[in-house]
Amino acid sequence: MGPRDTAVSPTRRTQRNRHSATPLGRRERSARARRVDSDAEVRLPTVSPSAASSSGSSLSSWARANPADTSRGEIRSEKRPGLRPGARGSTVGVVRVAVLGAGGRMGATVCRAVAAEADLELVAAVDPRRAGASLGEVAGTAQGDLRVAPGIEALEGARAEVAVDFTSPGAALPNLRWCAGHGVHAVVGTTGLGARAVEELERLFPPEGGGPNCILAPNFAVGAVLMMRLAELAAPFADSAEVVELHHDAKVDAPSGTALRTAERMARAREAAGRGAFGPDPTREESLPGSRGGEGPGGVRVHSVRLRGLVAHQEVLLGATGQSLTIRHDSYDRASFMPGVLLAVRAVAGRPGLTVGIEPLLGL
Ligand code: NAP
């Protein structure tokens, strides 16, 4: 054992070793990733027809159509024929996935989506409120032997390689600190993490050093990602713009991460095109405070609607003299997020450092 090895904590070293027989330096990992890229026989990870149909989302094919980035991961899927997919020890290169917030609306959906994939294995489910319950009770998966754990420490015994976090802003950051310290890649869907939290994630998951990686996306629905891209394209051509985001009545943060990110991207696109912020807002009197929403980046007004029966929806309204353009996306079911989540789970090992948004995974 060389001096470099002694500097690595036993836990971290064990985690690194999950991907190879010996700890790999970043350069070596990149070289290996390139080899995987150029390997003509490599099987491109896809969203399986079963997941696509269970998602009920016609957008799942968009994620399938663009697998370029998902092929770069070092975690390779090579299912051994004749063995039951997902059974421990039955497959080679199957990604061992843990779900944080497994008892929640999104977490339970992720558990079902992961359990349905042959190249992924659900090895741990964490949710303090549902601790001890079987995964069947919590998420309706057939993996009856897996019980929900009270804390993230369960990932160590389960030898999880990728943790998917759909918890709350307050819980996500401690979870991610743990993942960074224990060599577990993270896929984060939790919204409401501010700019300071993102800066911390950049420090926790540096692109160099061979540690774990993180993909943080305010929206995993491929249609929503396209909506943001279209809004960005349209922004320089409009004179005014407002964003209305609409969500279910249990969402605890406002505005949504997607709305803020949309406004940010529109503001940047205008700046790049040599156009300034939208506005000014003509309102001089607001008899009901908040009527005009919040002023987001680039002067884009952002409005948040919370309504029972909704899932996640957003409209981007752009106006110019005598015309308007409305770009709208609707997630009718949480399954709409699953192709993007699975794409990120498969890609995270091959994307050094912190990646924000799934756009690069889709080639956008
Ligand atoms: P939810 O139903 O409240 O689920 C969150 C779950 O996490 C709850 O069961 C909660 O338990 C549990 N939890 C709290 N602390 C935890 C911890 N330390 N470890 C493990 N689990 C913990 O919320 P949701 O609707 O599923 O949404 C979760 C997050 O995903 C929100 O931030 C939401 O905005 C976001 N989201 C993102 C996307 C995307 O595409 N990126 C899409 C939809 C939603 P308690 O109830 O006991 O606190």
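This is a predicted model: local features need pLDDT of at least 70, side-chain atom pairs count only at pLDDT 80 or more; totals for chains, interfaces and linings use all residues.

Biologist: Good to know. How many helices and strands does the protein chain have?

Modeller: The protein chain has 14 helices and eleven strands. Of its 364 residues, 45% are buried. Among contacts with a separation of 6 or more, 70% are between residues 24 or more positions apart.

Biologist: Let's do the sheets. What is the strand order in the six-stranded one?

Modeller: That open sheet runs β2-β1-β3-β4-β5-β11, with parallel pairing. Its edge strands are β2 (120-126) and β11 (354-356), each of which pairs on one side only. From one strand to the next, the twist averages 20°.

Biologist: Pick a pair of neighbours for me. How many bridges link β3 and β4?

Modeller: Four bridges join β3 (residues 162-165) to β4 (residues 185-188), in the parallel sense.

Biologist: Now the five-stranded sheet. What order do its strands take?

Modeller: The order there is β7-β8-β6-β9-β10; this sheet is open too, and its pairing is mixed. At the edges sit β7 (294-295) and β10 (323-331), each pairing on one side only.

Biologist: How do β6 and β9 run, parallel or antiparallel?

Modeller: Antiparallel: strand β6 (residues 240-247) and strand β9 (residues 312-320) are joined by eight bridges. Leu246, for example, has His313 in β9 as its bridge partner.

Biologist: What about β9 and β10, how many bridges there?

Modeller: Nine bridges, again in the antiparallel sense.

Biologist: Which strands does α11 lie across?

Modeller: Helix α11 (residues 222-234) lies across β9 and β10, at about 165° to β10. Helix α12 (residues 257-272) also packs on the sheet and touches β6, β8 (301-306) and β9. The direction of α12 makes about 165° with that of β6.

Biologist: Switching to helix pairs. At what angle do α9 and α10 pack?

Modeller: At about 10°, with the axes of α9 and α10 (residues 195-204) 10 Å apart. Angles under 35 degrees count as roughly parallel, so α9 is roughly parallel to α10.

Biologist: Which residues in α9 and α10 meet each other?

Modeller: From α9 there are Leu173, Leu176, Arg177 and Ala180, and they meet Ala197, Leu201 and Leu204 in α10. By class, this contact has six nonpolar residues, no polar ones and one charged one.

Biologist: Okay, the ligand. Which of the residues around it come nearest?

Modeller: Of the 27 residues around the ligand, the nearest are Gly101, Gly104, Met106, Arg129 and Ala171. By class, the shell has eleven nonpolar, twelve polar and four charged residues.

Biologist: Which helix gives the most to that shell?

Modeller: That would be α6, with three residues. Both α6 (105-115) and α9 (169-181) supply at least two residues each.

Biologist: A couple of loop residues before I go. Where is Pro206 found?

Modeller: Pro206 is in the loop between α10 and β5 (214-216). Leaving aside residues up to four places away in sequence, Pro206 touches Gly211 and Gly353. The C-alpha atoms of Pro206 and Ala180 are 9.6 Å apart, with 26 residues of separation in sequence.

Biologist: Why does Pro206 count as partly exposed?

Modeller: Because Pro206 has 15 C-beta neighbours inside 10 Å. A residue needs 20 or more to be buried and 12 or fewer to be exposed.

Biologist: And Ser134, where is that?

Modeller: Ser134 is in the loop between β2 and α7 (135-139). Ser134 counts as partly exposed too, because 16 C-beta neighbours lie inside 10 Å. Val148 is 14 residues away along the chain, and the C-alpha atoms of Ser134 and Val148 are separated by 6.1 Å.

How values were computed:
Residues are numbered from 1 along each chain as its sequence is written. A residue is near a molecule or strand if its C-beta atom, placed from the backbone, lies within 6 Å of it. Ala, Val, Leu, Ile, Met, Phe, Trp, Tyr, Cys and Pro count as nonpolar, Asp, Glu, Lys and Arg as charged, and the others, Gly among them, as polar. Axes are lines fitted to C-alpha atoms, for helices over the stretch in contact, and angles run from 0 to 180 degrees between N-to-C directions. Angles under 35 degrees count as roughly parallel, over 145 as roughly antiparallel, 65 to 115 as roughly perpendicular and the rest as oblique. Two residues are in contact if their C-beta atoms, placed from the backbone, lie within 7 Å. Two strands pair if DSSP finds at least two bridges between them.
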